[in-house]
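Thanks for taking a look at this one with me. Below are some numbered points to read alongside the sequence and the model.

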Amino acid sequence: MNDLDSLVDAARAEFAQAPTPAELENAKARYLGKAGRVTDLMKTLAALAPDLRKARGAEINAAKGAIEAALQARRDALAAAELEAQLRAEALDVTLPGRGRATGGLHPVSRTIERIEAIFASMGFDVAEGPEIETDWMSFTALNNPENHPARSMQDTFYVDLKDAEGRWLNLRPHTSPMQVRYARAHAARHADAVAGGARMPEIRVIAPGRTYRVDSDATHSPMFHQCEGLWIGENVSFKDLKVVFIAFVREFFETDDFDVRFRPSFFPFTEPSAEIDIAFRSGPLAGRWLEVAGSGQVHPAVVRNFGLDPETHIGFAFGMGPDRLAMLRYGIDDLRLMFEGDLRFLAQFR
Ligand code: PHE
């Protein structure tokens, strides 16, 4: 190996060991710089005879070319390594799952209430809402349930030690039945002038869903629960109409004809006669079990009077059912409390 070959080898080795571009440039200076070893060799040419100078000059130039090529190769390698490191540091894993936004959904009870509203609306029923903090008069007295009467305990509620501006005791309504009175009175007032002028009072056909409250808490009772009241009052509305409407509702709601219905005699102060409505599916997981789905009855004349209507000319029926129960039956839920705990593992199933 001649001196030029070992010079090239030494340069390659130094370049290869330079860990950074700055150190590589220092190494370059040692070979190719003004005081570098290649430059020094060039200076020796001057002392040579012209023919030797030419040959030696070509050899030095070849060696210089090899050193420059090695330098460029190392520069490229360092730049590539730097780029590689930078890319690795800024790496984005595009296969990671995104930070998605969860879609919400309607609560099963809200869904059920919407379903009830749609079915009754198709039968000509209006939908009304009313206050959850109610007067004692609306919750009980107007519904033929006088103060201190034991029948009040049927709908035992949370009594509030508070009176409204007119001095009436307030409570959290234990049922949606006060909406019968509120809606019917507003209806009678709205049509009072027309009726005084000889027109006939239009029929009342309404449902009123909403939150209700009682002192109760177990797998099938919650201190806050939902009810949906129904009221149909006209000049000739009978128990038969109640049966037709309610059975049509059950059929639509559960999307089946495969059930039996029974009107079981019962008592409510505001209806006479009164009945609990039970249904029993003929097939499926609940087959053969009587399930109570509503209280109902022909509206008591005393209540019709409190509507601001004449019980001699106005008659009809009311019912009250539990959307929570209906949702449980429809979706196969066995514990009412699940509905109100807000656990997403439960609720997400209804999205
Ligand atoms: N309000 C009654 C209850 O909560 C149900 C009902 C409504 C019964 C309308 C008859 C008529 O138990």
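1. One term to start with: a polar contact is a pair of N or O atoms within 3.5 Å; within protein, one must be able to donate a hydrogen and the other to accept it, and residues adjacent in sequence count only if both atoms are side-chain atoms. The side chains of His314 and Thr313 make such a contact, at 3.1 Å.

2. Some ground rules before going on. This is a predicted model, where local features need pLDDT of at least 70, side-chain atom pairs count only at pLDDT 80 or more, and totals for chains, interfaces and linings use all residues. Residues are numbered from 1 along each chain as its sequence is written, and side-chain values use heavy atoms, with hydrogens and water left out.

3. Now the chain as a whole. It has 13 helices and 10 strands (DSSP runs numbered from the N terminus: H or I of at least four residues for helices, E of at least two for strands). Its radius of gyration is 45 Å, well over the 20 Å that the globule rule gives for 351 residues, so the chain is more spread out than a compact globule. That radius is taken over C-alpha atoms, and the rule is 2.2 Å times the number of residues to the power 0.38. Along its principal axes, the C-alpha trace spans about 145 × 55 × 40 Å.

4. How much of the chain is buried? Of the 351 residues, 39% count as buried, where buried means under 20% relative accessible area, exposed over 50%, and partly exposed in between (1.4 Å probe, protein chains only). Among contacts in the chain with a separation of 6 or more, 63% come from residues 24 or more positions apart; contact here means heavy atoms within 4.5 Å.

5. Back to His314, which you will find in the loop between α10 (301-306) and β10 (315-321). His314 counts as buried because its relative accessibility is 10%. Beyond its neighbours within four places in sequence, His314 is in contact with Met201, Ile233, Gly234, Glu235, Val304 and Leu309.

6. Phe158 sits in the loop between α6 (136-139) and β3 (159-163), and at 33% relative accessibility it counts as partly exposed. Val215 is 57 residues away along the chain, yet the two C-alpha atoms are separated by 6.6 Å. Setting aside neighbours within four places, the residues in contact with Phe158 include Val215, Tyr213, Arg214 and Pro223.

7. Please check the backbone at a few places. A cis peptide bond, with omega about 0°, joins Glu272 and Pro273, and Pro273 belongs to strand β8 (residues 271-281). Asn144, in the loop between α6 and β3, has phi near 65°, a positive value in a residue other than glycine; Asn144 is partly exposed at 26%. Glu255, in the loop between α9 (239-254) and β7 (259-268), also has a positive phi, near 55°, and is exposed, with a relative accessible area of 59%.

8. Last, Gly288. Which loop holds Gly288? Its place is in the loop between β8 and β9 (291-299), and it counts as exposed at 60% relative accessibility. The C-alpha atoms of Gly288 and Glu272, 16 residues apart along the chain, are separated by 29 Å. Not counting residues up to four places away in sequence, Gly288 touches Ala280 and Phe281.
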